[in-house]
Amino acid sequence: MKSSALAHPNIALIKYWGRSTNQPSYLNIPTNDSISMTKETIPNANSEIELITQTTIEFSESYNEDTGFLQTEGGDIQFNEVQMERIKKVVDALRASAKVDLKFKMISKNMFPTAAGLASSASAFAALATCASDALNLGLNKRELSMYARLGSGSASRSIHGGFVRWNKGDSHETSFAEQICECNEFNIAAIIALINRGKKEVSSDVGINYAHTSIFNPVKIKKSEEQAIEVLKAIREDDFRTVGSISEKNCLYMHSVMMTSDPPLFYWNPNTLKVIRQVVNTRRQFFQNHDLIKKGIQEKGKKGLECYFTVDAGPNIHCLCRNEDIEKTANMLCEIGISETDMVRVRPSVEGSRVVKEHLF
Ligand code: DP6
């Protein structure tokens, strides 16, 4: 009863930030639908980083207690009580479903430096749900896996799938699941993650999300996010980068408005995040001004500006969204404001979601 799985993190274009108060909070039923891109690093792109988490779990009579470890270059680090509680939320639900009461050992490993500011519970819980259900021989489909991954971390439900994904908020454990809305090659988009801070954030999403309802802007954000999720879904399917980019950017700002005005207020940006935001907005303005002049026949098609957008999750690091063919221009734009190559991670939508693999970590 041993299995291993891989999973990628995802970046939300329409964000999850708030749990429904009509359901027990441990179910992580969101207040609005969200949409994301499951992401992988672009191969050969001057980076050693691979955005993958690998997890192995084994259930056995020889274990007297449940244990979990994070494998790092410096050795295995045992998960603390709070982390184990979250892990057990997923595993207990799967054990109950399989009617198995054996204890487990699990080891998880990120294929990126742990202190890179890229740590993601989305890939971790997607990999965990996938290998644990396989080890227990549950034969779950992706939709069911996404429900179990959600119990560990809401955004993990989306990392079960590759490409572009919608998490339907639903109103119960069975109706709140993620599904693929578009394969990775159907929408031309790439991104550079600018690593502004590699450290751990002060307030985790899991905690910060509980304060969303205290912001007076939250009801507006929920209502708008519902509308935006429909618009973005359509635009992704139509390969309409402008609509996806501009709505994603707005949705990110709505989420941060809620964060900044909640009680206690949450400020995830730092001055460098804002520096990148200004650069993206200015570079895009140049692009559209140039575009207008070309249309009016005043200017030859030149290289001014770039069509790019930004989105930021619960931390200072920022994703600059662009078309695939503009990825190097986006890198140059970041370079102009002093972001170094080593602080850039080039990503694209991943073909695959979470999957079982044969290689075990122990
Ligand atoms: C801002 O509760 O899924 O990334 O702490 O990673 O488990 P973790 O976060 P989670 O909240 C994610 C919040 C978000 C937006 C999003 O991914 O939708």
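1. The protein chain has eight helices and 14 strands. Helices (H or I, at least four residues) and strands (E, at least two) are DSSP runs, numbered from the N terminus. This is a predicted model: local features need pLDDT of at least 70, side-chain atom pairs count only at pLDDT 80 or more, and totals for chains, interfaces and linings use all residues. Residues are numbered from 1 along each chain as its sequence is written, and side-chain values use heavy atoms, with hydrogens and water left out.

2. Buried residues make up 54% of the 362 residues. Buried means under 20% relative accessible area, exposed over 50%, partly exposed in between (1.4 Å probe, protein chains only).

3. The largest nonpolar core has 32 residues. Such a core is a set of buried Ala, Val, Leu, Ile, Met, Phe, Trp, Tyr and Cys residues joined through side-chain atoms within 4.5 Å. Ile57, Phe59, Ile87, Phe104 and Leu128 have the most contacts inside it. Elements giving two or more residues include strand S4 (53-60), helix H1 (81-98) and strand S7 (103-110). H2 gives the most, with eight residues. A second, separate core of 29 residues includes Ile35, Ala229, Tyr309 and Leu321.

4. Look at Ile57. Among the residues it touches are Met1, Val91, Phe104, Leu128 and Phe362, not counting residues up to four places away in sequence. Contact means heavy atoms within 4.5 Å.

5. The structure holds six aromatic pairs. Rings of Phe, Tyr and Trp (its six-membered ring) pair if their centres lie within 6.5 Å; planes under 30 degrees apart count as stacked, over 60 as edge-to-face and the rest as tilted. Tyr16 and Trp167 are edge-to-face, 4.7 Å centre to centre, with 65 degrees between the planes. Tyr16 lies in the loop between S2 and S3 and Trp167 in S8, so the pair ties together parts 151 residues apart in sequence. Trp167 is buried, with a relative accessible area of 0%.

6. Phe362 takes two charges. The charged end of Lys2 sits over its ring, 4.5 Å from the centre. Lys105 lies over the face of Phe362, at 4.6 Å from the ring centre. The test is NZ of Lys or CZ of Arg within 6 Å of the ring centre and within 35 degrees of the ring normal.
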